[in-house]
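Welcome, and please open the model in your viewer. We will go from stop to stop, and at each one you will hear what to select and what to look for.

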Amino acid sequence: MCTLATGRGRVRLNVGGRVFETTAATLGAAGRDTMLGAMLDASWNAGRDAGFGDGAGPAEYFIDRDPACFAVLLDLLRTGGLHVPPGVPEAALHREALYYGLLDRVRAARLGEFDGDRLRLAASVPGRAPGDGTAVRAAPDGGCCVAHGGTVRVYNWALEERRPVYYPGHAPVNDAAYLDAATLVVAARERPGRRDDGGVAAFSALTAEPRHRFRVAHDRQPRSFTAGALAFGAGCEVFASCKGRFNEYGVGVWDWNTGEQADFFYEPPGCALGDADRLQWLDATSTLMVATMFPRTDSSFISLLDFRDKSVVWSWSDAGTPASLEDKHAVHAVAMEDGRSVCMINQYDDLGFLDLRKNAAGVRWRSRSKLTISGKTKACGEETCYPKLARHGGQLFASTGDTISVFSGPDRVLTSTLRCSNGGAICDFSIGGDRLFALHSEENVFDVWETPPPPII
């Protein structure tokens with residue numbers, strides 16, 4: 001516990017010429033590993049002028065920092081609530097919070113626990129890169145990244161842009177994923193006539209410096225390849241769908257600590273793995289879901305791979321569907337938390353469910369009219385923005401046109417609809433760090449949705 005060197009309970013702080021008086025207990029609540037907590041530690045004050053602590057009044061410290069921001073932070077320590085006056089810029093508050101070691105506390109006070117039914121639009125951030133974004137990915141700390149061509153724009157949780165990540169040779173980026181708040185893994189496409197400019201690489205999300213280049217070897221020879229979707233295993237595995245020039249069709253596995261290739265699951269006949277645009281690790285079964293969806297291929301394929309014995313333990317495809325359904329194709333899929341089912345969505349916004357406990361099981365489709373999803377699939381320039389799915393905290397999320405629908409409970413009942421900004425149709429969205437990020441196509445902008453903190457009273 002932090003204690004005041006002079007033994008008194010009151011502390012006077014002169015911050016930038018403005019005097020604040022508080023208690024040692026209030027400052028001590030900041031934590032011993034913060035600047036304010038350290039001020040109250042006896043070892044910090046061992047060299048103070050003896051005449052300063054003569055018992056005549058509260059101990060006084062001078063801090064040459066912004067007083068308006070300090071007033072907000074002191075109130076946060078006193079009440080637990082974050083109240084920012086109109087005249088205090090967010091960037092300045094975050095800078096001062098970082099100085100005092102209170103940035104995590106500011107973030108915690110600003111963001112409530114994620115709840116899809118209580119989300120509020122917090123910001124719309126315009127992009128600076130030319131052209132439309134490819135993908136948006138949420139960081140564990142509340143930041144995000146947006147892929148634009150061969151560039152990945154990185155934002156911290158305060159939505160301030162960091163140094164962008166450039167894949168070697170500026171190869172076009174297919175996917176990106178946060179290994180942790182400080183490490184970003186990027187999958188890129190190999191371009192015709194060029195060698196070794198595609199593949200998978202890891203970068204620092206803080207400085208954009210490269211860390212690992214994940215290589216694929218076939219017959220002990222390094223091969224160039226196009227990497228599609230990414231996923232992380234329960235151990236130290238990085239998974240990526242791979243499509244090479246020779247026999248490198250399948251899913252590659254690497255150790256994220258060393259960057260060395262650990263395994264490769266070659267594509268068996270009738271199982272589209274190399275073109276997969278969706279990978280998801282299932283903890284419940286220790287298997288990897290691999291989904292190759294329309295329109296990347298004429299038909300959609302979903303498989304569960306067990307790398308322990310290199311087997312396909314479950315698979316499904318809509319190839320050869322009845323004529324009444326042949327114009328409907330699954331365009332995205334997500335495995336549910338229980339590990340027993342997969343949810344899909346087709347281009348007409350219908351939700352479908354597959355039972356992973358049954359092979360050759362049919363899809364249980366729920367019609368759009370029953371779900372009353374608002375919004376339509378819209379054109380994004382020359383391409384179409386197909387619906388996307390995500391699940392978080394027991395809720396299911398589906399993007400359709402310029403809205404995101406939230407489904408709750410075991411029956412997946414529609415409980416909320418998020419109407420986004422005027423950026424056009426949503427081409428991708430991602431959930432993480434207690435935020436939802438929605439990337440729009442027409443105006444090169446992404447929206448940030450947050451759950452407000454619960455009221456103090």
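Start by selecting Val406 and Ser416: Val406 stands opposite Ser416 in strand S32. Keep in mind along the way that this is a predicted model. Now widen the selection to S31 (residues 403-408) and S32 (residues 413-419), an antiparallel pair joined over 6 bridges. Together S31 and S32 make a hairpin with 4 residues between them. In that turn, click on Gly409, which has a positive phi of about 80°.

**Next stop: an open sheet**

Which order do the 4 strands of the open sheet follow? Colour them as S4-S35-S34-S33, with antiparallel pairing. At the edges are S4 (120-126) and S33 (426-432), each of which pairs on one side only. From one strand to the next, the twist averages 20°. Zoom in on S34 (residues 435-440) and S35 (residues 445-450), which run antiparallel and are joined by 5 bridges. Here Phe437 stands opposite Val448 in S35.

Stay here and select Asp434, in the loop between S33 and S34. Asp434 is not a glycine, yet its phi is positive, at about 65°. Most residues other than glycine have a negative phi.

Move to Asp349, in the loop between S24 (341-346) and S25 (351-355). Asp349 is another residue with a positive phi, about 75°, although it is not a glycine. With a relative accessible area of 1%, Asp349 is buried.

Then find Pro295 in the loop between S20 (287-292) and S21 (301-306). The peptide bond from Phe294 to Pro295 is cis, and its omega is near 10°. Most peptide bonds are trans.

**Last stop: a pair of helices**

Select H4 (residues 90-100) and H5 (residues 103-110), whose axes are 7 Å apart at an angle of about 135°. H4 and H5 are therefore oblique to each other. Show the side chains where they meet: Glu90, His94, Ala97 and Leu98 from H4, with Leu103, Val106 and Arg110 from H5. These contact residues divide into 4 nonpolar, 1 polar and 2 charged. Which residues of H4 are buried? They are Ala92, Leu93, His94, Glu96, Ala97 and Tyr100.

Key: Residues are numbered from 1 along each chain as its sequence is written. This is a predicted model: local features need pLDDT of at least 70, side-chain atom pairs count only at pLDDT 80 or more; totals for chains, interfaces and linings use all residues. Side-chain values use heavy atoms; hydrogens and water are left out. Axes are lines fitted to C-alpha atoms, for helices over the stretch in contact, and angles run from 0 to 180 degrees between N-to-C directions. Helices (H or I, at least four residues) and strands (E, at least two) are DSSP runs, numbered from the N terminus. Angles under 35 degrees count as roughly parallel, over 145 as roughly antiparallel, 65 to 115 as roughly perpendicular and the rest as oblique. Contact means heavy atoms within 4.5 Å. Ala, Val, Leu, Ile, Met, Phe, Trp, Tyr, Cys and Pro count as nonpolar, Asp, Glu, Lys and Arg as charged, and the others, Gly among them, as polar. Buried means under 20% relative accessible area, exposed over 50%, partly exposed in between (1.4 Å probe, protein chains only). Two strands pair if DSSP finds at least two bridges between them.
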